[in-house]
Amino acid sequence: MIVLGYRFEPKLWAVFVTALFVIIFIELGKWQLSRADEKNARHELLELYAKQPAVTLPNTLIRLEDFQYREVEVQGEFISEHTIYLDNKTHQGRAGYHVITPLKVLNSELLVVINRGWIATGNDRSVLPYVSEIDGVVKISGLVVAPELRTLNLSEMVTAGKVWDNFNLQRYQEVTGKVIQPLMVLQRNHMEDSLIRDWDRPGSGADKNLGYAVQWFLLAATAIIIFIVLNVKRKNSKSE
């Protein structure tokens, strides 16, 4: 095909390869857009629940989907012997731990995982910082989030002690020997335990996915431009 003195005669394999990459890039861009929509919807739900009063967490097993991002209240007693420290948690640039203690729900055998807050590591990491034990029945209020479930088994060294690199609900359930609600509560109410409960209010995070989508669409456009440039040649008038 000759247009305005330029000849465009791409090879069949070049058409196929370019079309394949363009389709892949466009589909990846569309996937990122769908992820952005999901995050926006989740954020809107979080904002909606934040305006509603706290609900009481039942003393029977529930589904995470029915309570995720909701403000809840639950009564029970802390089982301090199963307290663990999640490592590599920072607050205002300082290294520390998140302190996790299970709460035995009042009038139930179920446990609820409570993230009680942040505490600094101290100068000697071989010595865990002291956290006050809270005895008796307490009322905890906080935000329900999904526990960080991991399919990778933690090493025995990590899970045998008090310091864990990641939280694994299934392993934690095995350690406690109890049935645990499939969620984690980020405690908000104050207690005399020196823990900092300054939970960040997360944004939707959709901007990052939108940026990725734009990059994939630009790659698709770039592939088309490169294809055209490499396959368009000026007509040779002498040979013609």
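So, the hairpin of β5 and β6: there are two residues between the strands, and Gln92 takes a positive phi near 50 degrees there. Keep in mind this is a predicted model.

Let's stay with those strands for a moment. β5 covers residues 84-91 and β6 covers residues 94-105; they run antiparallel, with six bridges joining them. If you want a pair to click on, Ile84 stands opposite Ile100 in β6.

Now, what else does β5 pair with? That would be strand β9, residues 163-164, joined to β5 by two bridges, and here the strands run parallel. The pair to look at is Tyr85, which stands opposite Val163 in β9.

Go on from β9 and you get to Phe167, in the loop between β9 and α3, the helix at 169-176. Is Phe167 buried or exposed? It counts as buried, because its relative accessibility is 1%, and the cut-off for buried is under 20%. Phe167 and Tyr85 are 82 residues apart along the chain, yet their C-alpha atoms are separated by 9.4 Å.

Which elements give two or more residues to its lining? Those are α1, residues 12-50, and α4, residues 206-231. Lining residues include Trp13, Val17 and Phe21, along with Ile226, Phe227 and Leu230. Lys11, Thr18 and Asn231 are in the lining too. By type, the lining divides into eight nonpolar residues, two polar and one charged.

Note on methods. Residues numbered from 1 in each chain as written. Predicted model: local features only at pLDDT ≥ 70, side-chain atom pairs only at ≥ 80, totals over all residues. Heavy atoms only, no water. 1 Å grid on protein atoms, 1.4 Å probe; cavity = no way out; pocket = protein on both sides within 12 Å on 5 of 7 lines; lining within 4 Å. Helix = DSSP H or I, 4+ residues; strand = E, 2+ residues; numbered from the N terminus. Nonpolar A, V, L, I, M, F, W, Y, C, P; charged D, E, K, R; others polar. Pairing = 2+ DSSP bridges. Buried < 20%, exposed > 50% of the residue type's maximum accessible area, 1.4 Å probe, protein only.
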